[in-house]
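The following exercises concern the surroundings of individual residues. Each task is followed by a worked solution.

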Amino acid sequence: MKNFLLFLLFSCFCSFSQTKNPQHLAYGKAPQQVLDLYVPSGNLNDLPVVILLHGGAWSMGGLEYTSKHAKDICDKGFVVANVDYRYVSNKISARDLLADIDAAITYVSEASGKYGYPKKGYHIVGISAGAHLALLYGYTKKNMRSITALCAPSRLNSPEAVAFMKKNGHLDIIEKLAAAKIDTTSDNAALIKISPFNVISNIPTLLIHGDADNLVNVSQSQDLYNELKSKGIDSKLLIREGKGHDVGMNTPDTEVQNIKDITEWILLHNK
């Protein structure tokens, strides 16, 4: 692509009883430290709780990117927290975005008494840049029951990823994410540190990727899946044939299938 800012831009992605209007809640003081909490009607005692993270190249977008998907997942009988987080900058890096996610999850947990859903044992789902954060958070915090990552950039230090960034002249976003200058001629410790591939832990992981994705090559998910399997970690890779970076979420039948696969994976691991 001609512009790296399109990299992970739009996460084109959400029956139980009818979903109520979401509660728009602040989990921090910054404008972007907010979440929409989708809570279905009925007894919530044993329902899965899903933390949903939008894409946007770590530098754009918000809850509107994933609001439809949050509702679709909630309509299947899930509690969903559609979480926004701050953009990277010269002062805000991956560490801060992970702190935002952690604060949001703490907020959701503390609100459980009010709504009646479980206090812990959550699942995290991310799309694009949000998928990167879901993997990185899940593997480093080790407090999620499962991870689902759609079109995830999982190995930022891979030669192909570095070449892509160099070719498109947009290393600035990744440098802000890594909080370090990137030397494209060597393997960077800063990139290794923020690459989920390098911090894998034993969390069940579902990967969904389009084989025609020209923003995040499908090999990113294939390599991660192979590494997960080699470590004996419960994992699954679904390749959407002919689909690009939207993973088919702009196509009604594929969107339905994606939501079905996501919710089935969560139910399988909600024990």
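**Exercise 1: a tyrosine in a loop**

In this predicted model, Y87 has a relative accessible area of 29% and therefore counts as partly exposed, since that class lies between the limits of 20% and 50%.

Task: Determine where Y87 lies and which residues it is in contact with beyond four places in sequence.

Solution. 
1. Y87 belongs to the loop that connects β4 (79-83) with α2 (94-110).
2. With neighbours within four places in sequence set aside, the contacts of Y87 are Q32, W58, S59, M60, G61 and I92.
3. For S59, the C-alpha to C-alpha distance from Y87 is 4.6 Å, although 28 residues separate the two in sequence.
4. For G61, the side chain of Y87 comes to 2.7 Å from the backbone oxygen.

**Exercise 2: an aspartate in a strand**

Solution. 
1. D36 is located in strand β2, which spans residues 34-38.
2. Beyond four places in sequence, D36 touches P22, Q23, H24, L63, V80, A81 and N82.

**Exercise 3: confidence**

Task: State the average pLDDT of the chain and the residues over which pLDDT stays under 50.

Solution. 
1. The chain average is 90, and 90% of the residues score at least 70.
2. Residues 1-18 stay under 50; the model has 82 contacts beyond four places in sequence for them.

Notes
Residues numbered from 1 in each chain as written. Predicted model: local features only at pLDDT ≥ 70, side-chain atom pairs only at ≥ 80, totals over all residues. Heavy atoms only, no water. Helix = DSSP H or I, 4+ residues; strand = E, 2+ residues; numbered from the N terminus. Contact = heavy atoms within 4.5 Å. pLDDT = per-residue confidence, 0-100. Buried < 20%, exposed > 50% of the residue type's maximum accessible area, 1.4 Å probe, protein only. Polar contact = N/O pair within 3.5 Å; in protein donor to acceptor, adjacent residues only side chain to side chain.
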